[in-house]
Amino acid sequence: MELTVYFFFNLSLLIVLLFSGVLLAEKSKRFWSYQPIFIIYLIISLILCFLFTYQLEGINVVFDLRKVPFVIGSLYMGLGPFLAAFIMLVRGFLGIDYGFWMTVLYYGGLAILFWRISPWFLKCSPKQRILFSVGVTFLFSFAQTFSFGIWHLPQSSSTVWFVFLVIQPIGVGIISYIIEEIIMTIQLRQRTMKTKRLEAVERMGAAISHEIRNPLTTAIGFVQLLQNDAISKENHTQYLSIIKNELKSAERVIQDYLNFSNPEIKSMEPLLLQEELEQVVQMLQPLAKQNSVKTVSIYSMGEKIIGDKQKFHQCFVNIMKNAIEAMPKGGILTVETESTETTVSILVKDTGSGMTLEQVTRLGEPYYSTKGNKGTGLGIMVVYSIVRAMNGTIHVESSIGKGTTFEFKFPSLSSTLLEAVETKEAEKELVMS
Ligand code: ADP
Ligand code: MG
């Protein structure tokens, strides 16, 4: 009984270790793949099994659960020869006796066999794989009990049989079941990601063609009207102006899309916030006047960030345009900058219509627009991709009827430079060592 508890404890440690490995692999997905973590798991498991070795009285055989990680690693990863060599080495340290030579015989033979059948094994269904692992462990254990002469040992032979023929196959069964579940989860996640990506492309395609087709259809209609000789000069000019506006709107959709799909920052240069933001504010003055919007700028002195001038302008044109458009009956647009040692903040506030929490969370979604034909729903999406490319963050606060504040945070020029210098120095040290 005591022996059974001893090995069940060892088995539960192997399972806890497996879960810890999975957690680690999930956490550090970017740096590690599952494979190296799994190899480390197998080695630590083997060491753990050797720590729980049990010496049978009367024969020169030590026994433990080393078979469990061996079968799993050999079948699932084709690591049989490597694991067998490791087991032989450690077993050699425990003594070159009868048990050692049996280990060499069994593990050596099985390592080659498992190594050959591992590709076939991996092609089987998950259920077949679990059954096969359990079956093969059972047979392996069965053969060992006979060759070790365990069946004619006087002491607690039924417990020893139980450990060999039940605990070991069950252990392999539980671990391979967990591994199958992990494989299934990873595959499901990959499939979902792929479907999501395809969906996004499809939605994008459908929406783009829809957005472009609308103005084009209108333009074609008016071109047909123009072909009629009988129309007056006044109508002629009016139709031409409509056609021009419609074509401009189609062009805007394409431009917004291109800006989104190509947010790559090409030329990085120090940007003086005050200067750049003021240029954007001046550029939007005609639109602000049209909506009776007053602009107020509050700049703290001399803040600089690193970025692409054109993209930076594009980003704040989109934001301020939205702000002005949210105040059709007039209001105040405030552009403010603040700074700390490491970051600079840009606040764009309006006193416009505001948004509900649901609308705020949908910001940045492709084609989300409340402006009907006048909006493309791509502006904020472009803003998000530019800000991300410039290592910035966006925080939005809004309340219906009161207005909206967009807060942008970018690393300040000094902190960016410091980081660049540190990276360079680290690289230099690496080269020197
Ligand atoms: P578009 O302006 O073409 O509609 P955007 O991506 O620029 O597309 O904006 C998406 C939506 O977000 C807008 O339709 C509007 O409903 C909302 N929005 C953006 N900025 C503001 C703002 N400052 N105030 C109120 N609503 C806003
Ligand atoms: Mg917009």
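Colleague: Where does ligand 1 sit, and what makes you say that it sits there?

Modeller: This is a predicted model, just so you know. Ligand 1 sits in the largest pocket. To say "sits in", more than half of the ligand's atoms must lie within 2 Å of the pocket's grid points. As for the elements around ligand 1, those giving two or more residues to its shell are α11 (309-325), α13 (379-389) and β9 (403-411).

Colleague: Which residues come nearest to ligand 1?

Modeller: There are 20 residues around ligand 1, and the nearest are Asn-322, Ser-369, Thr-370, Lys-371 and Thr-376. Sorted by class, that shell holds eight nonpolar, 10 polar and two charged residues.

Colleague: What makes the pair between Asn-322 and ligand 1 a polar contact?

Modeller: Check the distance. A polar side-chain atom of Asn-322 and an oxygen atom of ligand 1 are 2.8 Å apart. The cut-off for a pair of N or O atoms is 3.5 Å, so this pair counts. A polar backbone atom of Gly-377 passes too, at 3.0 Å from an oxygen atom of the ligand. The side chain of Thr-404 has an N or O atom 3.4 Å from a nitrogen atom of ligand 1, and that is also within 3.5 Å. As for cover, ligand 1 taken alone exposes 540 Å², and the protein buries 93% of that.

Colleague: Why is α13 called largely enclosed?

Modeller: Just count. Eight of its 11 residues are buried, so the rest of the structure largely encloses α13. Among those buried residues are Gly-379, Ile-380, Met-381 and Val-382. "Buried" here means under 20% relative accessible area. Just after α13 comes Asn-391, with a positive phi of about 60 degrees.

Colleague: Why does Leu-272 count as partly exposed?

Modeller: Leu-272 has 26% relative accessibility. Buried would need under 20% and exposed over 50%, so a value in between is called partly exposed. That is why Leu-272 gets the label.

Colleague: In which strand is the place of Leu-272?

Modeller: Leu-272 belongs to β3, which covers residues 269-272.

How values were computed
Residues numbered from 1 in each chain as written. Chains lettered and ligands numbered in written order. Predicted model: local features only at pLDDT ≥ 70, side-chain atom pairs only at ≥ 80, totals over all residues. Heavy atoms only, no water. Near = heavy atom within 4 Å. Polar contact = N/O pair within 3.5 Å; in protein donor to acceptor, adjacent residues only side chain to side chain. Areas by Shrake-Rupley, 256 points an atom, 1.4 Å probe, with all protein chains shown as cover. 1 Å grid on protein atoms, 1.4 Å probe; cavity = no way out; pocket = protein on both sides within 12 Å on 5 of 7 lines; lining within 4 Å. Helix = DSSP H or I, 4+ residues; strand = E, 2+ residues; numbered from the N terminus. Nonpolar A, V, L, I, M, F, W, Y, C, P; charged D, E, K, R; others polar. Buried < 20%, exposed > 50% of the residue type's maximum accessible area, 1.4 Å probe, protein only.
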